[in-house]
Amino acid sequence: MTVIYRDYSKARIGWLPFGLTGWQAGVIAGSVLPVFIALNRGAWASAGLLLLASVAVTLVTVVPVRGRSATGWLVASTAFVTGGVAGWTRFSSRAARGGVENLDQADLPGSLAGVEIHEGPPSGLEGRRVALIQNHAARTWAVTAAIVHPGLGMRDADERSRMAQGLADLIDQAGRGELVDEVLFLTRTVPEDGAERDQWTARHRRGPGGQVRAINNDLQQILTGASVRTETFVTVVVPETRLGKAAREAGRGVEARAQVLYGVMAEIEAQLKGGMGCTNITWLTSPELAVACRTGFAPGDRAGIVDALTAAAAGVEVNSQVPWAMAGPSGADVVARHYSHDAWNSISSTLRLPVKGALLGALAPILAPSATGERRSFLVAYPILSQRKAARAAASGEWAADVGSALREKARMRQSTKGRDEVAQVRAREERLSRGSAMTQPYAVCTVTVPKTLRVAEYGRRLDGAIRAAGFAGLRLDLAQDVAFAASVVPMGISLTRRGDG
């Protein structure tokens, strides 16, 4: 039996009529009050003009336009224009200006500018030094792992249910620890460059091949252009306020924080290999994370990096690592509807969860490129609320649902089917919280990246079509394309919802 997952609800259930929030109701009441004052004084002409002004204020405050109110668009547009005039939205790396002093210091644009990479102490049998990602701007720490999953395409309903339960168990366990703030799953399809096959062929070919070799070369060229390579990462984010308290028991500084993060990594890894069925999990070191960051900004650089790694493994003296000073783009520019970085353009859209629910694995069609050289990627984020905030949100939601139902009953207003479903979901959420489940408000962001020689707007429309074909509704993240790109392409723990470090 196919299982449809629809057990999510709005972050807040409004108890005011028509779904108004408190500040919206206050603005509307303030705009209507002068109308009644004018009517009380008998100033009918003034009352009519004030009524028109009140209607305009109400429309600007309440009516959403592509996910934002008119006020929200005004504030965002003003900030975007101000940043463009001041030059804040344009990025030029220190390497491009010839000003690199420390190759180990990250030089990244936008929301990644506050990131610092630390090498953790050796761990495991191989003594790997896992990269610890410290975001000074968001006051968070994160670790990233490259995972291999067998996929869901050939799985039956029971196996999909078990994997979905494994994901739920992972989130619940992360919530019970009161450390993890967010778990991010990032998948990106990289255009196949054939670098590994070229290396293998160069090592194993013997003698002249004649016609057979020519046929094999033609097949390789055709299949390489039509193939993609899938990379999947999971990033665990821990706020400094929580990590700092736990690190005091292990000492202080980076070493103590690393010890606490290693314990979190072990718990997450057990869940990934157990219920979710991952076959391989590799926590990235600093050089490996730098490669993932560089290929995120410039997918075409992967072939050269693979060649360098192969040559280094063969004993050739080459620099096979990507220094953090050059892991980002040489230049980047934020445009209203896309993000420009090096020789590439990217467009990002967020997904709105359908009311009817979604099937596990429904996002797979979004990853299928529509043309050669195109890269697709998406992020599925699970922000985890602390137990205190979750309990307060659940209690507030139930109170709002009760008050709203009572007000509608007194006013003899009919409640819509959508409203009844939302109230039922709020009550079910409180019941699960009381039984130990964690509260999360998931979201997803999809990104398409193409060379600048192609029209990125056309590929943005193709991405929107793929989102609709998968059963979701897409919303272009205009005026925030740089942050959306950093979150959905570069596996370094950038979030679209984090406002603090609680």
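Me: Is A292 buried or exposed?
Reply: This is a predicted model, in which local features need pLDDT of at least 70 and side-chain atom pairs count only at pLDDT 80 or more, while totals for chains, interfaces and linings use all residues. Residues are numbered from 1 along each chain as its sequence is written, and side-chain values use heavy atoms, with hydrogens and water left out. Buried means under 20% relative accessible area, exposed over 50%, and partly exposed in between, with a 1.4 Å probe and protein chains only. Because its relative accessible area is 5%, A292 is buried.

Me: Which residues does A292 contact beyond its neighbours within four places in sequence?
Reply: A292 sits in helix α9, residues 286-297; helices (H or I, at least four residues) and strands (E, at least two) are DSSP runs, numbered from the N terminus. Its C-alpha atom is 9.3 Å from that of V489, 197 residues away along the chain. Contact means heavy atoms within 4.5 Å. With sequence neighbours up to four places left out, A292 is in contact with R188, F233 and P491.

Me: How far is R229 from R188 in space, C-alpha to C-alpha?
Reply: R229 belongs to strand β9, residues 228-239. With a relative accessible area of 26%, R229 is partly exposed. R229 and R188 are 41 residues apart in sequence, and their C-alpha separation in space is 8.3 Å.

Me: Which residues have the most contacts inside the largest nonpolar core?
Reply: A nonpolar core is a set of buried Ala, Val, Leu, Ile, Met, Phe, Trp, Tyr and Cys residues joined through side-chain atoms within 4.5 Å. The largest one has 53 residues. Helix α8 (residues 253-273) supplies the largest share of this core, nine residues. Those with the most contacts inside the core are L272 and W283.

Me: How many residues does the second, separate core have?
Reply: Among the members of this core are I133, L184, C293 and Y443.

Me: Why do α7 and α8 count as roughly perpendicular?
Reply: Axes are lines fitted to C-alpha atoms, for helices over the stretch in contact, and angles run from 0 to 180 degrees between N-to-C directions. Angles under 35 degrees count as roughly parallel, over 145 as roughly antiparallel, 65 to 115 as roughly perpendicular and the rest as oblique. The axes of α7 (residues 240-247) and α8 come within 9 Å. The two helices are therefore roughly perpendicular to each other, with a crossing angle of roughly 100°.

Me: How do the residues of the contact of α7 with α8 divide?
Reply: On the α7 side the contact is made by E240, L243, G244, A246 and A247, and on the α8 side by A256, R257, V260 and L261. Ala, Val, Leu, Ile, Met, Phe, Trp, Tyr, Cys and Pro count as nonpolar, Asp, Glu, Lys and Arg as charged, and the others, Gly among them, as polar. The division is six nonpolar, one polar and two charged.

Me: What is the phi of L479?
Reply: Most residues other than glycine have a negative phi. L479 is found in the loop between β17 (473-476) and α14 (481-489), and L479 is buried because its relative accessible area is 19%. L479 is not a glycine, yet has a positive phi of about 70°.

Me: How far apart in space are W73 and L479, C-alpha to C-alpha?
Reply: W73 lies in helix α3, residues 70-86. Beyond four places in sequence, W73 is in contact with V65, R66, R68, D478 and L479. W73 and L479 are 406 residues apart in sequence, and their C-alpha separation is 9.3 Å.

Me: What is the phi of D342?
Reply: D342 lies in the loop between β12 (339-341) and β13 (344-352). D342 counts as buried because its relative accessibility is 19%. D342 is a residue other than glycine with a positive phi, near 50°.
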